[in-house]
Amino acid sequence: MPPTACSGDALSERMNVTCGACACKPTLEANCLLVACCCALSQVMLERVVKLYNIESFRAAARKVLADQILSIFEASPRLIVDLRKDLLEFIGNRRNVGEGKEEFFVHVVWIIGEYAAASSDPRCTTEILEQYYNVLELFAYEVNRMLQSAEAEISNPAYQAVHTTRLMTILMLALAKLGTRCQDLIPRVLLTLTKIIKQHSTRSSLDIEGRHAIVERASQLVATLQHPSIAAAVLVPPPHASKTAVAHNDPTSSLSLLPWT
């Protein structure tokens, strides 16, 4: 990343926007400066991760670093889930951002939305914002199901393989469920989406058996949990300032009863 990524007129403008909500002076508030730098850096990462030099070893290493760092940035400044709403929605709304080895970064962004899109991260994160995030993720889930309903030959299609991995699907379903617990009007839609995922993955024998089982099991667990909203809120939503982010993220197929924040 260029060392000037968090400097110049663009940063000054971002600082003024960021600090407007808390009515503080950017030049005197170190916290606002940190948020502004994190915001500017995250924007660069979302733009550059899909425009790396065409050297496979370099791209793989760079994407891994970017994926790890964007998690750290949002952990340090969860309010970016509101400040970068437009950038995040555009990124996950473009299916090309998940293909050609870019799944790792895409998975991290989906997890970030599920984890930090909440009023506890920023009071500005309203029901409308939650619905915007949910709509994009739900559309992604339905596109995967549409691929499953296609002819068997489609399963060998690179476009299908790019979005249909056990890890991506389990984190996608968990993100949808988390958003549902924070906006209970969404719960019926989450249940419908998960039910369709269970149906499609249960009837497609050509899929990897182990992966199919993991997806169906996770979806079934989430359906059972969401039928009790008060329990779902306690199980799926980590307490404020939870410190085991990486563990939760790296174990998407674990039993819900063993999630690290319970």
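**View 1. Helix H9 in the predicted model.** Helix H9, which runs over residues 166–182 and has 17 residues, reaches 25 Å from its first C-alpha to its last, close to the 24 Å expected at 1.5 Å a residue. The model shown here and in the views that follow is a predicted one. Helix H9 is mostly covered, with 15 of its 17 residues buried.

**View 2. Asparagine 135 in helix H7.** Asparagine 135 has its place in helix H7, which covers residues 127–148. Its relative accessible area is 37%, so asparagine 135 is partly exposed, a class that lies between the limits of 20% and 50%. The side chain of asparagine 135 makes a polar contact of 2.8 Å with the side chain of arginine 189. Leucine 89, although 46 residues apart from asparagine 135 in sequence, is 9.7 Å from it in space, C-alpha to C-alpha.

**View 3. Isoleucine 197 in helix H10.** Isoleucine 197 lies in helix H10, made up of residues 187–203, and with a relative accessible area of 0% isoleucine 197 is buried. Leaving aside residues up to four places away in sequence, isoleucine 197 touches Ala141, Asn145, Met169, Met173 and Ile215. The C-alpha atoms of isoleucine 197 and methionine 169 are separated by 9.5 Å, while the two residues are 28 residues apart along the chain.

Notes:
Residues are numbered from 1 along each chain as its sequence is written. This is a predicted model: local features need pLDDT of at least 70, side-chain atom pairs count only at pLDDT 80 or more; totals for chains, interfaces and linings use all residues. Side-chain values use heavy atoms; hydrogens and water are left out. Helices (H or I, at least four residues) and strands (E, at least two) are DSSP runs, numbered from the N terminus. The expected span of a helix is 1.5 Å times one less than its number of residues. Buried means under 20% relative accessible area, exposed over 50%, partly exposed in between (1.4 Å probe, protein chains only). A polar contact is a pair of N or O atoms within 3.5 Å; within protein, one must be able to donate a hydrogen and the other to accept it, and residues adjacent in sequence count only if both atoms are side-chain atoms. Contact means heavy atoms within 4.5 Å.
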